[in-house]
Amino acid sequence: MMGEYDSMDFVNEYEYCPRCDANLTLQKGYRSDLPFWKCRGCGEMLINPNEDADSNIVWICDQCGTVLNLQEDFRDDLGEWTCTECGKINRISESEIFRSEDEYEAFQRDPYQGLTDDELMELLQYQDVGSIDAREDIFLIRQRDTGKLYVKKFLTTYNKSVYEFLRKHPVSHVPRIIGMYEGNNGLTVIEEYVAGRTLASLLERYTFTESETIRIIKELCTILDQLHSLPRALIHRDVILDETGAVWLLDVNVAKWHDPGQKDDTRYLGTRYYAAPEQVGYGFEASSPKADVYAVGMLMNVMLTGKFPKEEKADGKLWPVIERCISLEAERRFSARELREALEKIEE
């Protein structure tokens, strides 16, 4: 919902904002026949005086942004209104009025907007420590009573069922899901904190030996095998080494369920160059657990050489394994379990 507006002033051939006196006629995209206009000078929402609007409040649909005042039969004394454009039921209440565009946009970004009082009380048991990697959507937090650290994520793109499943069925070396809170603007997730460094950050400094690579990839395959063996295989992609050197998979929000009936991926969730051909629109088939194996093959080559195979192929016993992992045909690749077994044979 928006704040109070004033009608447009018409002065000769120019029209001005009644709030900041900006010349509306000179603002890009402005036309005097538009039903409403947001002044680009101050952000004030203005209703065209020629429109039949019986309120001094601009009511905007919380879902599609349509001005509700201009919809047929709208009245601001109804208590609620179903938007005729998108069907969203909007509350028409003084508590929904915002005095400025900035205040409205801040409300739209609020990750806690729409949560219940009980959910908000649960979240108050945590104190923000700071953002992670200078991001605005991932924070290190501390439980006030115990002092224990957790990670808090604000997600706008997510598959809630993935989080729900992993919360009920935790997988070894995948951070446990502690809490989930879905509001109007997205999902807030509290999960186990794992101190460590990502492989990506380590690879910025040095490459790994063959034995180090085999050890890390074997552990990674053990985790992937667990995920791929779920009732619906979970395709997953982010790797971290904790303080003991053990391998973990992070960022469940880039994971997805495997759907054998899906012909191609509707959304690209991987990381450039690590994504299998079927993930980036080449049209072969939808992502499957074999997409993870493709990414692991690429990762092995980068761990050994610092480069992708098209730039430099790894030497030694691991190249035939890598080559099979990154086959363009998913069926020719190893499964996670087969890859671990192939690496064990190299160690013999």
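**Exercise 1. Glu 191**

State whether Glu 191 is buried or exposed, and give its relative accessible area.

Solution. Glu 191 has a relative accessible area of 3% and is therefore buried; buried means under 20% relative accessible area, exposed over 50%, and partly exposed in between, with a 1.4 Å probe and protein chains only. The model is predicted, with local features requiring pLDDT of at least 70 and side-chain atom pairs counting only at pLDDT 80 or more, while totals for chains, interfaces and linings use all residues. Residues are numbered from 1 along each chain as its sequence is written, and side-chain values use heavy atoms, with hydrogens and water left out.

Helices (H or I, at least four residues) and strands (E, at least two) are DSSP runs numbered from the N terminus.

Finally, list its contacts, where contact means heavy atoms within 4.5 Å. Leaving aside residues up to four places away in sequence, Glu 191 touches Tyr 150, Val 151 and Lys 153, together with Pro 175, Arg 176, Ile 177 and Ile 178.

**Exercise 2. The chain as a whole**

How many helices and strands are in the protein chain, and what percentage of its residues count as buried?

Solution. The protein chain holds eight helices and 16 strands. Of its 348 residues, 46% count as buried. As for sequence range, take the contacts between residues at least 6 apart in sequence: 50% of these join residues at least 24 apart.

**Exercise 3. Helix 8 and its partners**

At what angle does helix 5 pack against helix 8, and how far apart are their axes?

Solution. Begin with the geometry. Helix 5 (residues 210–228) and helix 8 (residues 336–347) pack at about 155 degrees, and their axes are 8 Å apart. Helix 5 is therefore roughly antiparallel to helix 8. Axes are lines fitted to C-alpha atoms, for helices over the stretch in contact, and angles run from 0 to 180 degrees between N-to-C directions. Angles under 35 degrees count as roughly parallel, over 145 as roughly antiparallel, 65 to 115 as roughly perpendicular and the rest as oblique.

Then identify the residues. Helix 5 contributes Ile 214, Ile 217, Lys 218, Cys 221, Thr 222, Leu 224, Asp 225 and His 228, which meet Ala 336, Arg 337, Leu 339, Arg 340, Leu 343, Glu 344, Ile 346 and Glu 347 of helix 8. By class, this contact has eight nonpolar, two polar and six charged residues. Here Ala, Val, Leu, Ile, Met, Phe, Trp, Tyr, Cys and Pro count as nonpolar, Asp, Glu, Lys and Arg as charged, and the others, Gly among them, as polar.

Now take helix 7 (residues 318–325), which packs against helix 8 at about 170 degrees with the axes 11 Å apart. Helix 7 and helix 8 are therefore roughly antiparallel to each other. On the helix 7 side, Leu 318, Val 321, Arg 324 and Cys 325 meet Glu 338, Leu 339, Leu 343 and Ile 346 of helix 8. The residues of this contact comprise six nonpolar, no polar and two charged.

**Exercise 4. Helix 6 against helix 7**

Which residues form the contact between helix 6 and helix 7?

Solution. Helix 6 (residues 289–305) packs against helix 7 at an angle of about 145 degrees, with axes 8 Å apart. From helix 6 come Val 293, Tyr 294, Gly 297, Met 300, Asn 301 and Leu 304; from helix 7 come Leu 318, Trp 319, Val 321, Ile 322 and Cys 325. These divide into nine nonpolar, two polar and no charged residues.

**Exercise 5. Cysteines**

How many disulfides does a search of the whole structure find?

Solution. The search finds zero disulfides, a disulfide being a pair of cysteine sulfur atoms within 2.5 Å. For Cys 61, the closest cysteine sulfur belongs to Cys 86 at 3.5 Å, which is too far for a bond. Cys 61 is buried, with a relative accessible area of 1%. Cys 17 is buried, with a relative accessible area of 1%.

**Exercise 6. Aspartates in loops**

Where does Asp 21 lie, and where does Asp 133 lie?

Solution. Asp 21 belongs to the loop between strand 2 (14–16) and strand 3 (36–38). Its phi is positive, about 65 degrees, although Asp 21 is not a glycine, and the residue is exposed at 60% relative accessible area. Asp 133 sits in the loop between strand 7 (126–131) and strand 8 (138–143). Asp 133 has a positive phi of about 55 degrees, again without being a glycine, and counts as exposed at 68%.
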